[in-house]
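Me: Please take a close look at one part of this structure, the place where the two chains meet. I would like a plain account of what lies there.

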Amino acid sequence: MDYTFHWARMFSGEPAQWMWDGFCTTIQISTISLVCAMILGVIICILRMTPFKLFKWFSLAYTEFFRNTPLLVQIFFWYNASHFVIPKAINDWMNDLYSWIPGPFTLFGHHFVGEWMLLNVEFIMGVIALTVYTSAFIAEEIRAGIFSIPKNQLEASRAVGLSFLQGYRYVILPQALRIVIPPLISQALNLIKNSSLVMVLGVTDLMYQATQIESYHAMPFEAFTVALLIYLAISLVVSFCITMYNKHFMIQVMY
Amino acid sequence: MHWDIAFSNLDYFLYGTTSFDWRFPFIHNPEGLVASVILAFFGIFGAFWIGLAAGLMRMSRRWWVKIPAVCYIEVIRGMPLLLLIFWFYYLAPVITGQTMPAFSTTMFCFMVFTGAYVGEIVRAGVKALPMGQMEAARSTGLSHAQAMKLIILPQALRNMIPSFVNQFVSLTKDTSLAAILGVIELTRTGIQVDNRETVASFEIWITIACLYFLICFILTSYSRRLEAQLSRYQARDR
């Protein structure tokens, strides 16, 4: 053991600043991807449950393909290869960020996009990869939640005079949501952990900053341990929230 | 589209070499698909035993057995695998005093990482059994350890199969992370060919993704058969 630890240097100056920046980027990319993945996941789930064969097959292929291939490969695909299939106009538009990002608007004296959020093609491709990957899992979880509600609930709701959509809205979805929310939260947790992979594109997230500190300040062990503790803190807070949610809102349903 | 480039590189994706010799990956230097598969299979093998130990320790009533297992499972489940790989990559030389090869480092990390998840699966599998099983086993004169080994675990293992295979599939996908430390496996060959061929990124990454998909598909379809086979004798009145 001839390795000398420099814990104090982690918490001041450049390393502390870098870790904070990385933490902010991780939170930003996870939040944006999570919101997009929720929307996309719900859409895919709805497509899966429609009676149209084409939609069903499409969403089945979508979920199976994106669930069974590694996220890293998908990230490489989106960043290195997607411009071969995306139309050139969209590609140019995406590269020319300043033409469509809603201006460097200021909030509390900070430029929102320049200082608070580092938007670039790497960031956007990272968001797309995380979104698509997570939405496949979310779609499966929502579907499982809705299928776990017995079918006669819907039939009973039709029998008392509710329409199909009303039956879903007032009878099926309230029960399904209660079942679906804990797995969705743990999916959010997975998303935060998976977001560490976008460092391969050079998105300056927590993991990327830890490798920066490793190479610039020669403190690999300290940097990765601090990153570990940050990820662990996020996970423990979220899993504590799940436990609390389960205690308060889960009712034991007997069928 | 230049699918010919992707397909002419198929043997390179699969085995990491264009002149393939079956002795090469196993004896000298595991590469390409073979490296991915070896990482996944040995990883899940190690993870099973680590997870079995961790899961059983976690269910213990003695705090000095339980607390280490709880800490292990919670810490590992709360961190990204990439972070574990980097962390151990820099920690291992500090412990052992010599540089560790990336292949064995990642292999160790896969075992430790998946072990924590398998630990939870073991716990859930045992908890899903009715309490009366253990009580009946004890009343027939078996010790706690004997009852665990002969009565509880065989049934729990059958409960575990679907989630265990899920974990196997996740691990197979996670082996792609070894590419970041430079281990030559399926993803790394993709990166190499992508750097070499400038016009065929799309075809290359789709081919790599399809190869992973194929492995995972084979695993899940085999697991369904295994599950059906092992639950032949299960009571059907549930």
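Reply: What follows describes the contact between the chains and then some aromatic rings.

The model is predicted. Chain A brings 36 residues to the contact and chain B brings 34 residues. Between them an area of about 3,200 Å² is buried, and carbon and sulfur atoms give 80% of that area. Polar contact is found in eight residue pairs between chain A and chain B, with both residues at pLDDT 80 or more.

On the side of chain A that touches chain B, the elements giving two or more residues are α3 (53-67), α4 (71-81), α7 (121-147), α10 (206-217) and α11 (220-249). Of these, α11(A) gives the most, with 10 residues. By type, this side of chain A divides into 25 nonpolar, seven polar and four charged residues.

Now the rings. Over all chains, the structure holds 26 aromatic pairs. In one of them, Phe65(A) and Phe66(A) have ring centres 5.5 Å apart and planes at 80°; an angle over 60 degrees counts as edge-to-face, so this pair is edge-to-face. Phe65(A) is partly exposed, at 25% relative accessibility, while Phe66(A) is buried, at 14%.

Another pair, Phe221(A) and Trp87(B), is stacked, with 5.7 Å from centre to centre and 20° between the planes. This pair crosses between chains, from helix α11 of chain A to helix α6 (residues 81-96) of chain B. Phe221(A) has 10% relative accessibility and therefore counts as buried, because the limit is under 20%. Trp87(B), at 22%, counts as partly exposed.

Finally, ring pairs link Phe58(A), Tyr62(A), Phe65(A), Phe66(A), Phe213(B) and Phe217(B) into a cluster.

How values were computed
Residues numbered from 1 in each chain as written. Chains lettered and ligands numbered in written order. Predicted model: local features only at pLDDT ≥ 70, side-chain atom pairs only at ≥ 80, totals over all residues. Heavy atoms only, no water. Contact = heavy atoms within 4.5 Å. Buried area = accessible area lost by both parts, 1.4 Å probe. Polar contact = N/O pair within 3.5 Å; in protein donor to acceptor, adjacent residues only side chain to side chain. Helix = DSSP H or I, 4+ residues; strand = E, 2+ residues; numbered from the N terminus. Nonpolar A, V, L, I, M, F, W, Y, C, P; charged D, E, K, R; others polar. Phe/Tyr/Trp six-rings, centres within 6.5 Å; stacked < 30°, edge-to-face > 60°. Buried < 20%, exposed > 50% of the residue type's maximum accessible area, 1.4 Å probe, protein only.
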